[in-house]
Amino acid sequence: MSVLQRICLTMGLFALAACGRDPAAHADTTPDSTNSNVGGMTRRDSAAGYVTESQDPVRPRDSSRAARTKDSARTAGDTIPDPAADSTAPALNVTMAPGRFKRDSLSLIYTLRAANKHPGWPVKGPAPAPGALLPNKRIVAYYGNPLSKRMGILGEIPPDQMLARLEAVAKEWEEADPETPVQLALHLVAVVAQGAAGKDGKYRLRMDSSLIEKVYGWAQQKNALLFLDLQMGQSTVQEELPRLMKWLERPDVHLGLDPEFNMHHDKAGVAPGKKIGTLAASEINHAISELSALARAKGIPPKVLVIHRFTRPMVRNASQIKLDPYVQVVIDMDGWGAPWLKFDSYKDYVVNEPVQFAGFKIFYKNDTKKGDKILTPGELLQLKPTPMYIQYQ
């Protein structure tokens with residue numbers, strides 16, 4: 001990769017539009033891969049959208065019930081009682097790490113209360129096929145792309161350091177929940193949203209086979225899974241999935257779909273990053289059908305399908321997602337911010353719209369921009385439903 005191409009990759013969408021070079025060293029060379037730039041989209045603000053890498057994130061307006069609680073002092077790691085507990089309902093006391101605000105604890109309590117009242121939990125579905133990972137193991141994944149230090153921890157530091165850090169995080173989860181084994185994973189953005197349309201107008205770049213194999217090799221060093229994540233731009237699940245099936249045939253390779261950058265529904269010609277995209281249940285069901293057919297045909301264990309979500313419109317008609325014994329669907333709460341905001345988002349986009357399994361995203365940088373510490377495994381294990389897929393970016 002040339003110096004100019006690497007600059008394009010790391011500077012974000014606005015720089016991408018100006019660079020206008022084909023990163024041939026890492027773009028797929030198949031005829032339909034004609035994007036003009038490698039992208040580096042950063043993520044999201046769980047209430048007010050997201051920003052590109054060249055912007056500073058803006059904290060959303062404090063609109064939740066928990067946020068309206070006046071709270072100027074951080075706690076010393078106290079157990080916070082449920083303010084609404086009475087004789088008809090058990091108290092939902094929670095314990096938070098030192099330095100949290102009271103509203104962080106209250107937001108967790110409200111999230112637990114919503115889960116306890118929701119009739120959809122636990123989700124009823126088909127019994128998983130033999131070899132299913134969830135809920136027998138908890139997946140702990142590092143996310144990103146090795147071509148960008150700004151897309152996530154996977155590409156931010158040298159591979160050996162990254163893998164060692166992932167193992168250390170896994171030990172924290174094992175210590176917090178000794179009864180649930182941890183399965184390591186690398187979550188690679190294999191189709192990257194673009195700020196420029198490219199020759200085919202798809203606003204996406206497919207990572208080439210050599211890069212995918214490189215990250216797969218890293219995963220194999222630690223007996224880890226590999227997730228291939230799709231930021232589709234103006235392309236579709238139907239267009240992007242077939243090329244990845246040769247990797248998905250492997251028992252240790254799974255799939256992720258990112259609605260934020262799926263722009264083709266009602267945003268024709270809109271570049272990813274300008275608006276938040278959407279993913280319909282029908283598209284998710286297509287992926288489920290394809291993964292199920294693959295697992296059955298190859299005689300391999302069920303696939304895990306991770307769907308990122310931080311707003312309600314991002315996943316259309318979530319109740320129509322069809323469950324299959326050969327596919328395990330995770331809705332990954334993908335918003336960043338203070339703990340109370342992340343808990344609120346978990347309640348709104350995971351708890352209140354049950355699908356199957358729950359995931360939770362941790363941002364090493366964006367979650368800490370306002371002085372908050374990273375949520376600990378002990379804090380997150382208090383959530384209901386308990387997240388079985390944890391992703392760090």
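Rings of Phe, Tyr and Trp (its six-membered ring) count as a pair if their centres lie within 6.5 Å; planes under 30 degrees apart are stacked, over 60 edge-to-face, and the rest tilted. This is a predicted model, in which local features need pLDDT of at least 70 and side-chain atom pairs count only at pLDDT 80 or more, while totals for chains, interfaces and linings use all residues. Residues are numbered from 1 along each chain as its sequence is written, and side-chain values use heavy atoms, with hydrogens and water left out.

Reader: How many aromatic pairs does the structure hold?
Author: Pairing is decided by the distance between ring centres, within 6.5 Å. The number of aromatic pairs in the structure is five.

Reader: Which geometry do the rings of Tyr142 and Tyr364 adopt?
Author: The ring centres of Tyr142 and Tyr364 are 6.0 Å apart. Their planes stand at 85°, so the pair is edge-to-face.

Reader: Is Tyr364 buried or exposed?
Author: Buried means under 20% relative accessible area, exposed over 50%, and partly exposed in between (1.4 Å probe, protein chains only). Tyr364 has 16% relative accessibility and therefore counts as buried.

Reader: What is the angle between the planes of Tyr364 and Tyr392?
Author: Tyr364 and Tyr392 form an aromatic pair with 5.4 Å centre to centre. The pair is stacked, and the angle between its planes is 25°.

Reader: Which charged end sits over the ring of Tyr143?
Author: A charge sits over a ring if NZ of Lys or CZ of Arg is within 6 Å of the ring centre and within 35 degrees of the ring normal. At 4.3 Å from the centre of the Tyr143 ring, the charged end is that of Lys361.
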